[in-house]
Amino acid sequence: MTTPAQTESTEAKAPTSVVLTDVAAQKVKALIEQEGRDDLRLRVAVQPGGCSGLRYQLFFDERSLDGDVVTDFGGVEVVVDRMSAPYLAGATIDFADRIDAQGFTIDNPNAGNSCACGDSFS
């Protein structure tokens with residue numbers, strides 16, 4: 001008796017959400033603990049503005065909006081609104097504390113151009 005062969009897809013699926021590194025997740029968790037609230041999540045959004053046309057916004061938020069994409073990274077929830085999600089799919093958020101870079105950084109494969117300050121893109 002012959003059974004149909006099962007085929008496995010070798011195509012890599014494109015990421016549908018942002019990625020938060022372990023270092024960034026630890027920093028977000030520490031900042032939320034400093035706020036003394038357990039209802040806050042990191043919201044990442046894209047807004048018009050900046051020298052390249054679009055700019056990133058990262059802030060703590062307790063709201064839940066219709067269409068939010070929520071991803072958990074070791075107890076830290078990252079929320080992206082439905083309008084920003086396509087611009088941020090596959091982007092990696094990291095935290096740097098070095099002499100040449102401090103703060104959160106975003107490596108976004110969807111950004112065609114970015115400005116020198118790294119806060120805006122197109």
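How many salt bridges does the chain contain? In this predicted model, the count comes to eight salt bridges. The overall architecture is described below, followed by individual pairs.

The chain comprises two helices and eight strands. Read along the sequence, these elements follow the pattern β-α-β-β-β-β-α-β-β-β. Of the 122 residues in the chain, 34% are buried. Among contacts with a separation of 6 or more, 52% are accounted for by residues 24 or more positions apart. The accessible surface of the chain comes to about 8200 Å², and carbon and sulfur atoms contribute 48% of that surface.

Side chains of opposite charge can pair when their charged atoms come close. One of the salt bridges joins the side chains of Glu77 and Arg41, with an N to O distance of 3.4 Å. Glu77 is located in strand S5 (residues 76-80) and Arg41 in strand S2 (residues 41-48), so this pair ties together parts that are 36 residues apart in sequence. The two partners were also examined for accessibility. Arg41 has a relative accessible area of 11% and is buried, whereas Glu77, at 30% relative accessibility, counts as partly exposed.

A further salt bridge is formed by Arg63 and Asp61, whose closest N and O atoms are 2.9 Å apart. Asp61 is buried, its relative accessible area being 5%, while Arg63 counts as partly exposed at 40% relative accessibility. Both residues also belong to a network of salt bridges that links Arg43, Asp61, Arg63 and Asp68.

Arg82 and Asp66 likewise form a salt bridge, in which the closest N and O atoms are 3.4 Å apart. Arg82 lies in the loop between S5 and helix H2 (85-88), and Asp66 occupies the loop between strand S3 (54-61) and strand S4 (69-73), so the pair ties together parts that are 16 residues apart in sequence. With a relative accessibility of 67%, Asp66 counts as exposed, because the cut-off for this class is over 50%.

As regards location, the pair of Glu77 and Arg41 involves strands S5 and S2, whereas the pair of Arg82 and Asp66 involves two loops.

How values were computed
Residues numbered from 1 in each chain as written. Predicted model: local features only at pLDDT ≥ 70, side-chain atom pairs only at ≥ 80, totals over all residues. Heavy atoms only, no water. Helix = DSSP H or I, 4+ residues; strand = E, 2+ residues; numbered from the N terminus. Buried < 20%, exposed > 50% of the residue type's maximum accessible area, 1.4 Å probe, protein only. Contact = heavy atoms within 4.5 Å. Areas by Shrake-Rupley, 256 points an atom, 1.4 Å probe, with all protein chains shown as cover. Salt bridge = Lys/Arg side-chain N within 4 Å of Asp/Glu carboxyl O.
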